[in-house]
Structure formats: structure tokens, C-alpha cells
Amino acid sequence: MEVCGTHTMAISRYGLRDLLPAGMRLVSGPGCPVCVTAVGDLDVVVALARLPEVTIVTFGDLVRVPSSHSSLAAERAAGADVRVVYAPTDALELAAAEPERQFVLAGIGFETTAPTVAGALLMARERGLGNFSVLSLHKTMPGALRALLDAGESRIDGFILPGHVSVVTGSDCYRFLPGEYGVGGVVAGFTAADVLEALLLLARQQEPAIEIGYRRAVTAAGNRVAQELLARVFAPCDAVWRGLGLIPGSGLRLSEEFRDFAAEERFTVEPGEPVEPRGCRCGEVLRGLIDPPECALFGRRCTPEMPVGACMVSSEGACAAHFRYRAFDDPAGADD
Amino acid sequence: MPEDRILLGHGSGGRLYRDLVRDVFLAHFANPVLSRLDDAAALTAAGRIAFTTDAHVVQPLAFAGGDIGRLAVAGTVNDLATAAARPLGLAAAFVIEEGFEIARLHEVCASMAATAAEAPVEIVTGDTKVVQRGAADGLFITTTGVGEIVAAHDVSAAAATAGDVLLLSGTLGDHALAVLAARGDFAMTLDVRSDCAPLWHLVEAALAAGGPAVHFMRDPTRGGLATVLAELAEEAALGIEVDETALPVSPAVRSACDLLGYDPLSLANEGKMVFAVAPGAAEAVLEALRGRPEGARAARIGTLVAEHPGRVALRTGYGTRRVVDMPVGELLPRIC
């Protein structure tokens with residue numbers, strides 16, 4: 001199983017499934033930060049977008065993900081102020097330029113992205129930006145891996161471990177996988193050769209272990225500075241993952257020192273009960289129980305142009321990757 | 001002209017308007033037809049006419065390798081070229097925002113004049129309107145072109161035949177990344193220049209070498225090569241096989257795509273042409289393309305086939321095959 005959106009894309013893009021020997025199957029896990037954002041959390045973001053004084057600042061394709069009844073793109077078309085940035089520091093510049101508006105950064109992403117948001121918060125503190133806040137929806141990987149294995153639903157024999165997350169966390173944090181579950185993992189880079197090498201290393205393991213394939217970027221201990229930043233600005237909390245439900249300690253909320261930047265404290269919204277889209281099987285896709293084409297909506301009612309679930313919207317989502325880069329003989333590719 | 005900025009009065013058809021036409025447009029575009037300042041330009045053509053129009057709304061207005069003026073001229077000349085039409089004349093309609101600096105308008109017109117001289121084509125008529133501040137993103141230019149079709153045979157998707165060789169005149173994605181770099185959204189320097197260029201000479205060379213063997217021509221602008229191939233496959237009711245390793249992509253574009261998660265096939269170009277040529281003439285046409293500076297990196301990229309009509313298959317460097325679709329929606333960089 002791979003648990004990183006960029007790995008999902010790379011596997012599909014290079015058609016690696018076609019190259020595997022019989023008896024080896026690649027399954028996608030919850031590696032896409034947009035895809036694992038719970039519908040209820042997205043409803044909060046949408047509700048914030050509707051506040052007239054608020055500008056929602058977000059990364060990439062969160063804009064198109066359907067919430068219970070809307071999406072940020074739909075809200076923007078209806079007059080809400082929603083802006084896409086590439087780096088969290090861009091949000092600070094926006095806030096500084098328009099002091100009369102409140103800028104809320106929808107903080108999604110795993111350990112790769114969270115340190116950059118932490119850095120932005122330190123800068124916001126230094127600059128005394130009172131109109132900037134963060135709705136932290138960040139999540140951390142180890143808890144999700146545990147939850148997947150605890151559920152015991154799909155037989156995972158090994159993990160292709162995330163490349164960039166591991167640059168920050170280091171590979172030691174995965175040692176519980178062989179230690180407690182008897183499952184090995186290899187931290188992989190993003191070229192086809194990197195992914196294939198990781199599979200080779202996994203296949204060759206005599207006993208389950210954690211290895212680093214992506215040696216040019218990842219160490220056992222990880223990036224201390226980023227880890228310290230995270231520890232200062234964020235604190236672990238429980239988080240709801242789409243498809244996986246509540247995973248204790250798998251989320252990041254702002255620490256006591258930075259609570260004044262927490263959007264959920266600064267604004268009060270009542271988003272109502274979350275509604276999952278009917279027929280959507282994103283949850284099972286994220287848990288690796290089904291491949292995207294097994295969902296009845298895949299390629300028919302749910303396509304990149306008209307997505308129903310998050311896994312199809314995000315370019316890193318398993319369904320989007322499968323659809324965009326589908327193997328030529330994939331029946332989902334045939335015209336309806 | 002004493003004013004240094006465009007005023008609403010410049011669009012009102014009176015004295016200010018005549019001064020603007022004389023001091024800016026005529027100063028750069030002067031030619032016998034335009035200088036008459038008639039409401040309509042009289043042109044002579046020997047045979048069939050090609051007619052096309054394009055609106056240009058790029059932001060920012062200038063970028064490495066070009067600006068909105070160069071785009072406006074090259075874009076329309078290239079659309080005419082795809083119909084095997086020598087450009088006879090362009091009309092240029094400007095919608096300018098009140099407050100726009102006249103000095104910048106001079107720069108844009110100088111760029112248009114230089115590009116027109118390269119094409120070669122003359123700007124023989126035009127119009128100017130001025131709108132209130134905030135209504136036009138600075139400047140919008142619409143160019144309409146008339147051309148004289150020089151090919152006796154039909155050049156269109158209908159003429160494309162199974163077995164035809166697909167040629168691409170050069171590297172992919174240069175324009176898209178040059179514009180992105182100019183927007184300053186990414187805090188990184190991209191060593192890319194827009195490929196924006198008029199391609200009549202290139203097309204003329206291809207037609208001289210291949211004659212009626214040149215079945216189809218189209219320029220991959222917004223939507224990239226993927227869109228042109230998808231359209232061709234659908235309109236011709238044929239399949240397409242593309243060799244990914246044959247696609248010319250500059251190292252800078254490739255690195256940027258890897259970093260940002262973009263696919264070179266989806267990126268916009270403004271100085272490239274795709275040709276479908278009967279197999280017997282493919283080498284000769286390729287040589288002719290490579291003989292022009294705009295075609296120095298021309299390459300054979302694939303073939304039209306009778307199998308899987310309407311679908312485009314990409315063979316990756318790993319020997320796997322996957323489907324190529326038209327890109328959907330805005331290009332958004334990856335998050336994690």
C-alpha cells in the first residue's frame with residue numbers, strides 16, 4: 001500500500017501496475033491530504049467562507065471538493081472571497097495588504113506542509129498580524145497507519161512509505177510497523193525507479209523492517225528543526241479522517257501559545273450535520289478495500305470534470321490518478 | 001499627446017481618440033491600408049479565404065519571451081496557418097482600462113508591430129474602447145485575421161488517415177511556465193521563455209515539402225498537446241499512439257513540472273504546431289521543420305491508427321501504456 005498522494009500519481013502515471021509480477025498488487029491508501037479531509041471539516045470551511053468579512057485562503061484543489069451541500073468553488077462563484085496560494089507565507093502578504101478583512105488559512109496537509117504553516121504563524125506573530133488565522137486540519141501519518149492495520153480489513157503486506165513526510169519525520173517513527181504489526185515498509189522517492197526499487201526492497205525483506213530507499217532526502221531521525229517547529233506551534237489532537245473515522249492523536253491543532261491564531265476560536269459557525277454524497281465509496285478507496293473502478297460511480301457519475309467525492313477531485317486522489325492515467329486496457333476507459 | 005495615461009475620452013471617437021490613433025497605433029502599425037483610416041480595410045485575395053478571431057486576456061501583460069501584443073498577433077496568424085492560409089491582414093480591437101499608462105501601450109504596439117513584421121502580416125484596421133478603471137485587467141486585445149488559403153487540398157481532421165505520422169514542431173510547456181513565472185506566485189526562478197511566435201513561415205515550409213501529404217495542422221495552445229490530440233482522435237474517428245520519450249521538453253520545464261506536479265502535455269504553448277502527415281512524406285516535412293528556427297526541436301511523436309478510434313494512448317518510457325485525456329479545469333499544483 002502506498003500512503004502518499006504523489007506516489008499514487010507516480011504509480012498511475014508510469015503505468016507501474018502493468019510491470020508488476022503476478023502475486024504483487026499495489027493498493028492506494030490515505031495519502032492525499034485533500035481526500036482525507038472530513039466532510040464535516042469542509043462544511044466548517046464553507047461556513048467560514050460565507051462570513052462577509054472572511055477571506056478563505058487555501059492550497060490547490062480543496063477549492064473543488066464537494067462539501068455536504070456546496071464547495072469553495074461554488075461559494076466563490078456566489079460571491080465569497082476564496083483565494084488559492086502556493087505557500088502559507090503568501091497568505092500573510094494577503095492579510096497584510098488588506099487589514100480590514102480577516103484571512104483564514106485552511107491548513108490541510110501532513111507533516112510535509114504543517115511546518116511551513118508553523119513558520120508562517122511565527123512570522124504572523126512577529127509582524128503582529130491580527131487579521132490572520134489558521135483552521136488547522138493538518139493530520140499526521142503514523143496514527144493513520146495504525147488505524148488501517150488495527151481495522152485488519154485489507155491484508156497489507158508492506159508499505160511504500162511517504163517520501164516528503166519522511167523528510168520531516170524521519171523513518172524511525174515507522175518502527176512500530178514491523179515491531180507491533182509485523183509489516184515492513186520502505187521510504188520511497190517519486191520517480192518510477194524509486195517506486196520500483198522500494199517494491200524490490202520490500203520483496204527482498206527476510207523479516208519485516210523499515211528501510212530508506214529515498215536516501216538522497218530522508219534520514220532515520222528526520223528534520224529536527226521542522227519537528228521542533230511543529231512541537232512549538234502545534235499540539236496533537238484527535239482528528240476525523242474521511243473514510244477512516246476518528247483516529248485519536250492523529251491531528252494537529254494550534255498549541256496553547258498560538259491559540260489566538262485558531263480560526264475555530266475566532267469565529268463561530270454552525271455548519272449543520274455532515275452529509276456524505278450518496279453512492280460515494282471514497283472511504284473504502286482510502287482504506288484500500290476497493291480499487292477506484294470498483295466504485296459504481298467511477299468514470300460514470302464521478303469524473304474529474306464532475307467529481308462526487310474527494311478522491312476524484314484532488315490530483316493526488318486515488319480515483320483521479322486512476323482515471324487520468326488509466327491503463328489503456330482499463331475497462332473504465334471505454335466510452336460509455 | 002500631453003496625457004500619459006488613458007482617459008475615458010480616448011475611447012469616445014472624438015479628438016482625443018484621433019490623437020491616440022495617430023500617435024500610438026499609426027506610429028507603430030503604419031501601412032498604406034491602415035493609414036487611410038477608413039472604417040473598413042479593402043483587401044484582395046486570389047482564392048479561398050480563411051477567417052479567424054481570438055481574444056487575448058493574459059495576466060500579467062508581459063512575461064519572458066513576449067507580451068499580450070505578441071500573443072495577439074502570433075495567435076491569430078497561427079490559427080490562419082492551421083488552415084494553410086497566408087495571413088493577409090489583421091484587425092486589432094483594444095479594450096483599455098482608464099488609467100492605463102500610454103507608455104505601456106506604446107510597448108505593446110511596438111511588440112505587435114515587430115511580431116507582425118515577422119509573420120509577415122499587416123494590421124490594417126482596428127478599434128479602441130476605454131472602460132472604467134477595474135473593468136479590463138489593464139488591457140484586452142481581440143485580433144481577427146483574414147488569410148488566403150494556399151493549399152489546394154483539404155487540411156483538416158477529416159483528411160487525417162490511419163498510418164499518418166504525427167510531428168510536433170518543438171518543446172512543450174514553455175509559454176505556460178513563462179507566464180506562471182511572471183505571475184510571481186512561485187518564489188523560484190524558472191529559466192523559461194515563452195515560445196510565442198508567428199508560424200506562417202514554418203507552415204509554408206511544411207507545405208512546400210509535403211504538399212497534399214500534409215493532412216492536418218493544429219497549434220496546441222490552452223489545453224496543451226493533450227487537447228489537440230484528443231480533438232484530432234475524436235474528429236478523425238481514429239486512434240492515436242504517442243511515444244512519451246519522443247516528446248521534446250526542455251530541462252527547465254521538466255524540472256518545474258516534476259516539482260509542481262504538472263504534466264507537460266497539459267501545458268499551454270504559443271509557438272508550436274502539430275502536423276499529421278502521410279508516412280511517405282514525414283521525413284521530408286520533418287527536415288523542413290527543423291530547417292526553420294521555430295522548428296529546430298521538431299520531432300516525430302506518434303502515429304494515427306485504426307485501433308481504439310477516438311482515444312489517445314501514450315507509451316511511457318517503461319513500456320507501459322496509458323490514456324491521455326484533455327486536461328480538466330484550472331491547473332493546480334500539488335500540495336504534498
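Helices (H or I, at least four residues) and strands (E, at least two) are DSSP runs, numbered from the N terminus. This is a predicted model, in which local features need pLDDT of at least 70, side-chain atom pairs count only at pLDDT 80 or more, and totals for chains, interfaces and linings use all residues. Residues are numbered from 1 along each chain as its sequence is written, while chains are lettered from A and ligands numbered from 1 in the order in which they are written. The points below concern a loop glycine of chain A, a strand and a helix of chain B, and the side of chain B that touches chain A.

**A glycine in a loop of chain A**

- A:G29 lies in the loop between α1 (5-13) and α2 (39-49) of chain A.
- A:G29 counts as buried because it has 28 C-beta neighbours inside 10 Å; a residue is buried if 20 or more other C-beta atoms lie within 10 Å of its own, exposed if 12 or fewer, and partly exposed in between, with C-beta atoms placed from the backbone.
- Leaving aside neighbours within four places in sequence, A:G29 is in contact (C-beta atoms, placed from the backbone, within 7 Å) with A:M1, A:E2, A:V3, A:L148, A:L286 and A:G288.
- From C-alpha to C-alpha, A:G29 and A:R13 are 17 Å apart in space, and in sequence they are 16 residues apart.

- Two strands pair if DSSP finds at least two bridges between them.
- Strand β7 (residues 165-168) of chain B runs antiparallel to β10(B) and is joined to it by four bridges; here B:V165 stands opposite B:V277.
- Strand β8 (residues 214-218) of chain B also pairs with β10(B) in the antiparallel sense, over four bridges, and B:R218 stands opposite B:V274.

**Helix α5 of chain B**

- Nine of the ten residues of helix α5 (residues 174-183) of chain B are buried, among them B:D174, B:H175 and B:L177.
- The cover over these buried residues of α5(B) includes β2 (62-63) and α8 (251-260) of chain B.
- Just after α5(B), B:G184 has a positive phi of about 70°.

**Where the chains meet**

- In chain B, 19 residues are in contact with 32 residues of chain A.
- Strand β13 (residues 321-323) of chain B gives the largest share of this side of chain B, three residues.
- The side of chain B that touches chain A divides into ten nonpolar, four polar and five charged residues; Ala, Val, Leu, Ile, Met, Phe, Trp, Tyr, Cys and Pro count as nonpolar, Asp, Glu, Lys and Arg as charged, and the others, Gly among them, as polar.

Key. Two residues are in contact if their C-beta atoms, placed from the backbone, lie within 7 Å.
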